[in-house]
Amino acid sequence: MTRPLNFDPYALKTPAFVVDERLIAKNLARLGEIKERTGCRILLALKGFSMFSTFRLIRKTLDGTCASSVHEARLGRETFGGEVHAFAAAFSPEDMENFLGLCDHLVFNSFSLWEKFRPMTLSAPRKISCGIRVNPERSVGKVAIYDPCAPGSRLGVRRRDFRPDLLGGIEGLHFHALCEQNSHELALVLEAFVTNFGEFIPSMHWINFGGGHHITRDDYDMDRLCQLILDFRKEFRGIPVYLEPGEAIALNTGFLVAEVLDITGSEGWPHAILNTSATCHMPDVLEMPYRPDIIGSGDEGEKAHTYQLGGLSCLAGDRIGSYSFDTPLTVGDRLVFTDMAHYSMVKTNTFNGIPLPSIYRIDMEGRLHLEREFEYQDFKTRLG
Ligand SMILES: *Cc1c(COP(=O)(O)O)cnc(C)c1O
């Protein structure tokens with residue numbers, strides 16, 4: 001897992017996110033190959049990765065963005081270009097006014113929303129291609145909060161609630177049922193989608209296979225993905241297919257660099273308190289939950305010196321885990337957490353007034369750019 005570091009962690013203002021465009025380019029090469037082999041279109045899901053200073057690079061390969069809100073749609077329109085798609089569990093009339101000026105595709109979560117907004121959508125000055133999100137009811141997720149097909153899901157229309165009588169003006173069907181999954185799981189979901197909704201596909205202009213495809217993970221079966229898309233497009237007369245991954249674009253492309261502020265405690269392994277926080281800067285460590293990797297570290301007890309790594313906040317559970325190192329940690333040491341680009345940068349918060357990490361970008365020539373630092377005003381202006 002551990003790669004040699006391409007930057008000096010002591011040359012940064014910490015805490016800091018560092019995203020390396022050369023690593024993004026590696027992911028884009030795979031995504032570009034899928035587009036080439038299948039003719040599908042691929043969008044960046046902004047909710048997973050929104051560091052727009054990298055979009056000059058990403059838009060060379062991908063076709064546009066998909067948004068979960070008006071703000072993301074606007075970010076996609078302003079900073080990425082290409083196609084802008086949007087889906088949310090519901091839209092307010094005010095959302096709709098804004099989406100109509102920003103979006104190319106709009107995906108509705110229910111037929112009641114579609115009925116309500118159909119007149120304003122179809123008469124909008126900008127041509128908008130509308131779709132319905134469906135629930136294939138084929139659960140392949142292991143964690144219920146990340147499984148849109150879990151029992152009781154509010155996401156997507158089930159076959160028994162589907163309204164063929166209201167399809168006038170609907171040009172696409174959308175499903176999203178995966179999270180960090182391989183193409184084997186996509187095959188199961190796609191089969192259920194075709195079984196349940198296949199009769200409506202011939203009258204559609206596009207089908208969106210959603211996100212959650214872990215395409216840039218080492219063991220991802222790209223050949224199977226390509227075959228699934230090619231077979232599907234063959235069966236349905238070349239219908240355009242969209243994928244909208246977020247994580248796959250930024251997987252293994254970014255780091256969070258933090259500094260040791262104190263070593264303390266006598267119960268169990270000593271605590272190393274860092275100038276970062278799980279709950280503020282990498283909340284998925286607690287929510288998902290998962291154990292992030294740190295360059296040069298081992299599991300608890302594996303190397304000579306073990307520490308419990310803890311965050312700055314007052315939350316008792318703001319703990320990252322126990323890690324071991326070859327040499328003792330000392331105050332001022334910098335630790336480099338890996339794979340921190342996706343779903344960390346977009347989820348940061350300023351709980352306890354803890355400063356947000358600075359944002360650095362490494363360009364294709366290996367040069368380090370400080371894109372953004374945060375200060376007191378960034379904290380204050382969110383609160384009044
Ligand atoms: C979350 C989400 C995505 C992106 O998912 P990843 O797991 O980041 O690939 C795409 N589409 C929809 C509708 C989503 O909710």
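Where is the place of P15? P15 sits in the segment before strand 1 (16–20). The model described here is predicted. A closed barrel of eight strands runs 2-3-4-5-6-7-8-9 with parallel pairing.

**The barrel**

- The eight strands of the closed barrel follow the order 2-3-4-5-6-7-8-9, and their pairing is parallel.
- On average, neighbouring strands of this sheet are turned by 30° against each other, direction ignored.
- Strand 2 (residues 41–45) pairs with strand 9 (residues 241–243) in the parallel sense, over two bridges.
- The bridge partner of I42 is L243, in strand 9.
- Strands of a sheet pair through backbone hydrogen bonds, and the pairing can be parallel or antiparallel.

**Helices lying across strands**

- Helix 3 (residues 70–79) lies across strand 3 (64–67) and strand 4 (83–87). Its direction is at about 170° to strand 3.
- Helix 4 (residues 93–102) lies across strand 4 and strand 5 (105–108). Its direction is at about 145° to strand 5.

**Helix 3 with helix 4**

- The axes of helix 3 and helix 4 come within 10 Å and cross at roughly 15°.
- That angle makes helix 3 roughly parallel to helix 4.
- Helix 3 passes helix 4 in a left-handed crossing.
- On the helix 3 side, the contact is made by V70, A73, R74 and R77; these meet D95, N98, F99 and L102 in helix 4.
- By class, the residues of this contact divide into four nonpolar, one polar and three charged.

**Helix 6 with helix 7**

- Helix 6 (residues 183–197) and helix 7 (residues 222–235) have axes that come within 9 Å and cross at roughly 20°.
- The two helices are therefore roughly parallel to each other.
- The crossing of helix 6 with helix 7 is left-handed.
- S183, H184, L186, A187, L190, F193 and V194 are the residues of helix 6 in this contact, and they meet R224, L225, L228, F232 and E235 in helix 7.
- Eight nonpolar, two polar and two charged residues make up the contact of helix 6 with helix 7.

**Helix 1 with helix 7**

- Helix 7 also packs with helix 1 (residues 21–38), at an angle of about 30° and with the axes 9 Å apart.
- Helix 1 and helix 7 are therefore roughly parallel to each other.
- The crossing of helix 1 and helix 7 is right-handed.
- From helix 1, R30, E33, I34, R37 and T38 meet M222, D223, L225, C226, I229, L230 and R233 in helix 7.
- This contact of helix 1 with helix 7 holds six nonpolar residues, one polar residue and five charged residues.
- L225 of helix 7 is listed in the contact with helix 6, and L225 is also listed in the contact with helix 1.

- Strand 15 (residues 358–362) and strand 16 (residues 368–372) run antiparallel and are joined by four bridges.
- R361 stands opposite H369 in strand 16.
- The two strands form a hairpin with five residues between them.
- In the turn of this hairpin, G366 has a positive phi of about 90°.

**Aromatic pairs**

- The structure holds 16 aromatic pairs.
- F111 and F162 form one that is edge-to-face, with 5.1 Å centre to centre and 90° between the planes.
- F111 lies in helix 5 (residues 111–122) and F162 in the loop between strand 6 (129–133) and strand 7 (170–174), so the pair ties together parts that are 51 residues apart in sequence.

**Backbone details**

- T14 and P15 are joined by a cis peptide bond, with omega of about -5°.
- Another cis peptide bond joins M288 and P289, with omega of about -20°. P289 is placed in the loop between helix 10 (284–287) and strand 12 (305–310).
- R237 is not a glycine, yet R237 has a positive phi of about 45°. R237 lies in the loop between helix 7 and strand 9.

Definitions and conventions. Residues numbered from 1 in each chain as written. Predicted model: local features only at pLDDT ≥ 70, side-chain atom pairs only at ≥ 80, totals over all residues. Heavy atoms only, no water. Axes fitted to C-alpha atoms, helices over the stretch in contact; angles between N-to-C directions. Parallel < 35°, antiparallel > 145°, perpendicular 65-115°, else oblique. Left-handed = near helix turned anticlockwise from the far one by under 90°. Contact = heavy atoms within 4.5 Å. Nonpolar A, V, L, I, M, F, W, Y, C, P; charged D, E, K, R; others polar. Pairing = 2+ DSSP bridges. Phe/Tyr/Trp six-rings, centres within 6.5 Å; stacked < 30°, edge-to-face > 60°.
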